[in-house]
Amino acid sequence: MRDIEIGRRGRLYSHTIARFAPKGFNAPYFQAFIDLDEGPRIFSLIGAECPVEDGVLDDGMEMQLVIEPLADTPENKEILSYKYVPAKAHGDA
Amino acid sequence: MRDVAIIGVGAHATGQFAGKELKDIAYPAVWNAIDDAGVRPADIEVAYVGNSLGGLLTGQEGVRGQVLLQHSGITGIPIVNVENACASAATALRGAWLEVASGAADVALALGAEKMFIGDSARTIGALSGVSELDLSRMGMQFTTSYAIHPKINLKSRMAEYGWTIEDFAKPAVKNSANGALNPLAQHRRQLTIEQVVQSRVVVDPLTLYMCSSISDGAAAAVVCSLDAAKKFTAKQPIRIAACTLRSGVYRLPDDERLDTAATTAQAAYEQAGIGPEDLDAIELHDAMAPAELMLYERLGLCGPGDGPKLIDEGVTTLNGRLPVNPSGGLCSRGHPVGATGLLQIAELVWQMRGEAGERQIEKRPKVTLAQNQGGLLLGQDSAVYCCTILKS
């Protein structure tokens with residue numbers, strides 16, 4: 001057994017805008033699946049820098065990891081989570 | 001293994017019952033099934049009780065089956081609690097079936113009961129999120145989202161891949177609402193139009209409110225016994241359980257080409273019953289979100305990829321079509337009290353097969369039917385639980 005590091009980069013597999021949020025989240029918000037470069041497909045939220053509007057994300061686009069509070073709510077603002085945002089050309093997560 | 005028959009079914013109406021506790025909803029289902037079967041409570045040797053959310057929503061975390069059945073007057077016998085998310089009731093039926101098929105018992109009871117309406121939708125939806133793997137629900141993933149973009153259904157990508165439209169997604173809701181309108185047990189008894197479904201508010205793009213099943217209370221029960229002993233209890237036609245298959249989701253990487261588990265569960269049921277999809281006369285299936293019915297047509301082998309909407313356009317799956325699907329109204333109209341749904345499906349099929357379905361009776365009384373029930377959500381791109389039951393008269 002050895003640890004390996006995965007998840008810095010991937011591609012957007014699918015996404016939608018949830019217009020209704022469970023407790024601890026603010027609607028509307030993006031929900032997405034990301035195909036990581038290393039193989040697994042994971043569920044993820046999208047980083048707060050992305051405006052929640054149609055046309056901002058395209059399935060298949062390159063994505064990169066960000067770490068930020070799970071949601072800007074009393075329940076979740078102290079919890080750090082992985083999220084993804086569209087990859088920057090020379091950016092580094 | 002012995003042949004096993006369902007000799008009695010019963011249900012409590014589905015809806016939101018502010019003044020009723022879980023046991024008040026379970027009791028009529030149990031007694032209607034006992035009366036229908038012609039058995040005495042003392043004849044029941046073992047019971048399996050399905051419930052999913054009662055721990056979180058009522059606080060009765062343990063022994064719910066023993067509590068529910070004690071208040072129905074059934075005590076002392078072995079009682080097994082079954083939690084398998086939205087497939088709890090079908091899993092309970094499987095337990096009762098195996099008890100009798102194996103010869104361990106001659107008469108067994110399966111009950112599914114759920115109390116979702118507690119006057120606090122956020123708490124109910126929170127509890128429902130708890131039947132997804134926590135790694136998903138903690139990040140705000142909901143069942144609606146899973147149907148919209150989760151790889152197992154991915155309705156958004158079907159729009160691109162198959163050319164399906166938002167109107168296509170509305171078609172199962174409209175078809176099933178016509179059936180539900182005829183069902184006195186149904187939660188929603190209003191015939192919907194395509195326009196009403198499409199124009200209801202968006203919950204998670206592309207799903208609108210009337211494409212989603214709603215918060216619901218309800219219960220259903222079935223009494224099973226060995227086929228040979230059926231005549232001893234009732235003059236009614238025994239309904240044989242020809243297959244009952246249960247599978248769990250598998251972990252899939254994106255390039256996994258294995259068949260979807262809803263499909264493999266159905267194939268296993270067809271094999272066990274010695275039939276194919278072309279032999280079916282009626283189906284109750286798990287349309288927790290209406291457009292899932294279109295995908296399930298494919299998974300059950302009823303049509304080729306992308307052809308789901310055609311089955312509705314051509315009237316194949318309407319109440320008096322060649323293969324009626326969801327004659328009860330399905331999960332969106334009849335209702336989806338999650339831990340009761342699998343047995344509500346079974347009760348509907350038994351009534352249809354006996355010709356007891358009233359205004360919604362399928363004219364050509366079905367002889368071979370299938371119930372498909374599933375539940376929960378795993379990280380590995382599958383639902384957690386899949387069940388298929390085939391009944392023959």
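**Note on a predicted two-chain model**

1. Thr73(A) touches Gly24(A), Phe25(A) and Asn26(A), leaving aside residues up to four places away in sequence. The model is a predicted one. Thr73(A) sits in the loop between strand E4 (62-69) and E5 of chain A. Is Thr73(A) buried or exposed? Its relative accessibility is 5%, and since buried means under 20%, Thr73(A) counts as buried.

2. Strand E3 of chain A covers residues 41-46. In E3(A), 6 of the 6 residues are buried, so the strand is largely enclosed by the rest of the structure. Two pairings of this strand follow.

3. E2(A) and E3(A) pair in the antiparallel sense, over 5 bridges. Within this pairing, Ala32(A) has Ser44(A) in E3(A) as its bridge partner. The two strands form a hairpin with 4 residues between them. In the turn, Gly39(A) has a positive phi of about 130°.

4. E3(A) is also joined to E5(A), by 2 bridges, and these two strands run parallel. Here the bridge partner of Leu45(A) is Lys83(A) in E5(A).

5. The next points concern the interface. How many residues of chain A are in contact with chain B? There are 25 of them, in contact with 22 residues of chain B. The two chains bury about 2,100 Å² between them, and 62% of this area is on carbon and sulfur atoms. On the chain A side, Phe20(A), Arg41(A) and Phe43(A) lose the most area to chain B; together they account for 29% of what that side buries.

6. Across the interface of chain A and chain B, the rule finds 0 salt bridges. It does find 10 residue pairs in polar contact, with both residues at pLDDT 80 or more. The elements that give two or more residues to the chain A side are strands E1 (9-18), E2 (29-36), E3 (41-46) and E5 (80-86) of chain A. E1(A) gives the most, with 6 residues. By type, the residues of this side divide into 15 nonpolar, 7 polar and 3 charged.

7. In chain B, strand E2 spans residues 46-50. Of its 5 residues, 5 are buried, so E2(B) is largely enclosed by the rest of the structure. Which residues point which way from E2(B)? Val46(B), Tyr48(B) and Gly50(B) point one way, while Ala47(B) and Val49(B) point the other way, and all are buried.

8. E2(B) pairs with strand E4 of chain B (residues 107-115) through 5 bridges, and the two run parallel. Gly50(B) has Gly112(B) in E4(B) as its bridge partner. E2(B) also pairs with strand E3 of chain B (residues 79-82), in the parallel sense and over 4 bridges. In that pairing, Val49(B) is partnered by Asn81(B).

9. Val49(B) lies in E2(B). Why is Val49(B) counted as buried? Its relative accessible area is 2%, and buried means under 20%. Not counting residues up to four places away in sequence, Val49(B) touches Gly65(B), Leu68(B), Leu69(B), Ile79(B), Val80(B), Asn81(B), Val82(B), Ala92(B) and Leu111(B). Asn81(B), the bridge partner of Val49(B) in E3(B), is among these contacts. The C-alpha atoms of Val49(B) and Arg64(B), 15 residues apart along the chain, are separated by 8.0 Å.

Note on methods
Residues numbered from 1 in each chain as written. Chains lettered and ligands numbered in written order. Predicted model: local features only at pLDDT ≥ 70, side-chain atom pairs only at ≥ 80, totals over all residues. Heavy atoms only, no water. Buried < 20%, exposed > 50% of the residue type's maximum accessible area, 1.4 Å probe, protein only. Contact = heavy atoms within 4.5 Å. Buried area = accessible area lost by both parts, 1.4 Å probe. Salt bridge = Lys/Arg side-chain N within 4 Å of Asp/Glu carboxyl O. Polar contact = N/O pair within 3.5 Å; in protein donor to acceptor, adjacent residues only side chain to side chain. Nonpolar A, V, L, I, M, F, W, Y, C, P; charged D, E, K, R; others polar. Pairing = 2+ DSSP bridges.
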